[in-house]
Amino acid sequence: MGRKLLLEHDHIPGIQGYDVYRKMGGYASVEKAVKTMTPEALVEEVKKSGLRGRGGAGFPTGMKWSFLAKPEGVARYLVCNADESEPGTFKDRYLMSRIPHLLIEGMITSSFALGVHTAYIYIRGEFYYILKILEKAIEEARTNGWLGKNILGSGYDLEIYVHVGAGAYICGEETALLESLEGKRGNPRIKPPFPAVAGLYGCPTVVNNVETIASVVSIVNFGGDEYAKIGIGRSTGTKLISASGHINKPGVYEIEMGITVEDFIYSDEYCGGILNGRKLKAVVAGGSSVPILPADKILTLANGEKRLMSYESLSDGGFVSGTMLGSGGFIVMDETTSIVENLFTFARFYHHESCGQCSPCREGTAWMEKILHKILDGKGTRDDIDLLLEIQAKIEGNTICPLGDAAAWPVASAIRHFRSEFEEYVKNPNEVYAEKQIDEVFQVPINY
Amino acid sequence: MPKVTIDGRTIEVADGTTILQAARMIGPEVAPPTMCYHSKLKSSGGYCRTCLVEVTKGSEKDPRPMPKLMASCRTHVMDGMEVGNFTSTKVIEARKSVVEFLLLNHPLDCPICDQAGECQLQDLSYENGSAKTRTDFERRTFEKIDIGSKIQLHMTRCILCYRCVKVAEQITDGRVHGVFNRGDHSEISTYINQAIDNDFSGNMIDVCPVGALTDKTFRFKSRVWFTKPMQAHRNCDKCSGKVNLWYKGEEVLRVTGRKDQWGEVEEFICNTCRFDKKNTGDWTIEGPAHIHHHSVISANHYEVFTKPQEFKLNVVTPITIEEGSN
């Protein structure tokens, strides 16, 4: 059994409520931090822990915290990004709905470390029921003296507010999130300035993922050095993986970084193997936006070693033969899956979620979806496959925010690794997938 | 003062200058084209991606090249920065594809569009685009929306540069329009079909780089290249009163703000000047207006009509003429 830090008490009945959570050692990190540590020492511990952002980009959290500008007399904010909307990722939802106090505890500790007196949790609109859970947790924390004025008699004040978004994927991008939090249209800002200098209401702001903030609790409890011993290389600690697709046991798993991908898919502790004993075809390892990998490449590295569940190992080989850990949305596909249909679903998603601000993403995502629809309709040509590749190359890197990249990478990788499948569709669409009428399958209203 | 090199030409500029501004200071031969940037509007730019440049050297301190192409209108120069614009094949390629993206859903109805002849998208696609389209999908169209008596909104032509939104935000006293919806369904519209009615709304027409917002009082009156722009002014209590009058024969067909070398409005004008003062008698004529950008009217024939024997194209200094002699 791997070590568990976040979901250790997940199975205990009543952990959602304050009393049980406190009895299981909850809020110890706040006590330790507020009573015995200075904010600077806390940031140092997080730096030592090697914790990397769990939202997808994997940027070292300690470094992000140390970039926070601290001008005199200007408010600072901590914003928790709970706008989890990446297809295939559902770890934050699980964490927040099962152990809401872990997030609140992490928020208090992190806010203290950053010298923040107002913190926000930006939660996506579809998680309305979690809003209730979090607000209840915040209320309980306040009643018990963990929030409000003069926390634990230290003179430190903190308020946490939960803000509900309106269900836009783009608001998971940190600057779009800040715009939305300010009450504006959720368009990503042009960087620089980065949020650490001018974020929410123009003030220095740190935006962290739910899991990142929750991980701070264990870092403070055990110390940064101890935390850094868990995991492998620069991928320290534990990571929540949302496993879905054709596996026997889909769900959220907490893994110690460094277990092999093969173990994760086939061992009974985790996914429990492929459904109905079929063969593994492909895996999207970190949520819909990371490159898809075929079975052989996801299980082994180019040098023949086994691929591990860690930031470095998953991205080994670059985009030619590697992928990314991303936000940990682990989508497994068996041999019956059509990569073209899968890609169409992703492309449709990115088209729908593009904010429309910059031209490559606005027009390109729609164009890619239309071409994929055409290919699935049996009207595609070989040129269309090349055109897809070319469009994605022109979107990637040329947009304001990473949504453009996220829309481009799945297309590039699917064609790179499964080109023959696309060509099959183009050559004899009626014979290969005659039984599938695409419009019936997807019920897609396409406005050509 | 940071020194920046663009396409091999070095210039020293003030702190906080953007790459685009520096390039424009050097001259049009290195200045990237723009669609959404407008020098007189704060926080404009960054959306259209036509001004992307390659930063081959970040700065003297940190000489690493920037990994992505940067929007020159929103990237500040650093000392020792080296930038590739027309000399960078990456930039040329990217720009070509941006033009392709912008034209993907553009109706290309130039033959019936009032903007034709002074359209920035026309210029851009002529200079940077390809001759053929690679899409055969039906183009996106929008229902027409009535936004008042002065301005025609033709959303189908819009490239979502956000300039008109910024005009409404920064120049008029109340913004009643904005961008609705998301992705390629985004559209400019007013809040529940409100009319846009305030003293400076007409500037939205001037800043629109395409034919999405046109002057209702000028629609279908004339192709712009059959009209002669004259610089004129009047005493106005709301604005500077400095305008261009567009003549066809003796008749003033429309009044617009003056545009600079880059096609951007120099001084915003009020609706009284724009829509209500269409008699030569209302104005003091200064002389022919020079058109800089590369479309048909920039032949500037009208500039030299007084003395045919001195006929030259592209006279830089406008010849002053007596009032009323036009």
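Modeller: Before we start, a helix here is a DSSP run of type H or I with at least four residues, numbered from the N terminus. Keep in mind that this is a predicted model.

Colleague: Got it. Which helix of chain A does S180(A) lie in, and is S180(A) buried or exposed?

Modeller: The helix is helix 8 of chain A, residues 174–181. Buried means under 20% relative accessible area. S180(A) has a relative accessible area of 12%, so the word for it is buried.

Colleague: Which side chain does S180(A) touch in a polar contact?

Modeller: The polar contact runs from side chain to side chain. Its length is 2.6 Å, and the partner of S180(A) is Y122(A).

Colleague: Let's do charges. How many salt bridges does the structure hold over all chains?

Modeller: Some form networks, one of them linking R54(A), K91(A), D92(A), E211(A) and K239(A). Over all chains, the number of salt bridges is 50.

Colleague: How far apart in the helix are E31(A) and K35(A), in turns?

Modeller: These two form a salt bridge, with the closest N and O atoms 4.0 Å apart. E31(A) is partly exposed at 27%, while K35(A) is exposed at 54%. Residues three or four places apart in an α-helix point the same way, because there are 3.6 residues a turn. E31(A) and K35(A) are 4 residues apart in helix 2 of chain A, so their separation is about one helical turn.

Colleague: What about R52(A) and E312(A): how many residues apart in sequence are the parts they tie together?

Modeller: R52(A) and E312(A) form a salt bridge, their closest N and O atoms being 2.9 Å apart. R52(A) sits in the loop between helix 3 and helix 4 of chain A and E312(A) in helix 13, so the pair ties together parts whose distance in sequence is 260 residues.

Colleague: Now strands. Which residue is the bridge partner of T238(A) in strand 9 of chain A?

Modeller: Strand 8 (residues 238–245) and strand 9 of chain A run antiparallel, joined by 6 bridges. A hairpin connects them through 5 residues. Strand 9 is largely enclosed by the rest of the structure, since 5 of its 6 residues are buried. In that strand, T238(A) has as its bridge partner E256(A).

Colleague: Over in chain B, which residue of strand 14 is the bridge partner of Q231(B)?

Modeller: Strand 11 of chain B (residues 228–233) pairs antiparallel with strand 12 over 6 bridges, and P229(B) is bridged there to W246(B). Strand 11 is also joined to strand 14 of chain B by 4 bridges, again antiparallel. In strand 14, the partner of Q231(B) is G287(B).

Colleague: Where does helix 18 of chain A bend?

Modeller: Helix 18 is mostly covered, with 20 of its 25 residues buried. It spans residues 403–427 and bends by about 90 degrees at F418(A).

Colleague: Last one: what accessible area do F59(A), M63(A) and F67(A) have together?

Modeller: F67(A) is in the loop between helix 4 and strand 1 of chain A, and at 47% relative accessible area it is partly exposed. With F59(A) and M63(A), F67(A) forms a nonpolar surface patch whose accessible area is about 290 Å².

Methods. Residues are numbered from 1 along each chain as its sequence is written. Chains are lettered from A and ligands numbered from 1 in the order in which they are written. This is a predicted model: local features need pLDDT of at least 70, side-chain atom pairs count only at pLDDT 80 or more; totals for chains, interfaces and linings use all residues. Side-chain values use heavy atoms; hydrogens and water are left out. Patches are made of residues with over 30% relative accessible area and no salt bridge: like charges are joined within 9 Å, nonpolar side chains (Val, Leu, Ile, Met, Phe, Trp, Tyr) within 5 Å. Accessible areas come from the Shrake-Rupley method with a 1.4 Å probe; for residues, only the protein chains shown count as cover. A salt bridge is a side-chain nitrogen of Lys or Arg within 4 Å of a carboxyl oxygen of Asp or Glu. Helices (H or I, at least four residues) and strands (E, at least two) are DSSP runs, numbered from the N terminus. Buried means under 20% relative accessible area, exposed over 50%, partly exposed in between (1.4 Å probe, protein chains only). Two strands pair if DSSP finds at least two bridges between them. The bend at a residue is the angle between axes fitted to the seven residues ending there and the seven starting there. A polar contact is a pair of N or O atoms within 3.5 Å; within protein, one must be able to donate a hydrogen and the other to accept it, and residues adjacent in sequence count only if both atoms are side-chain atoms.
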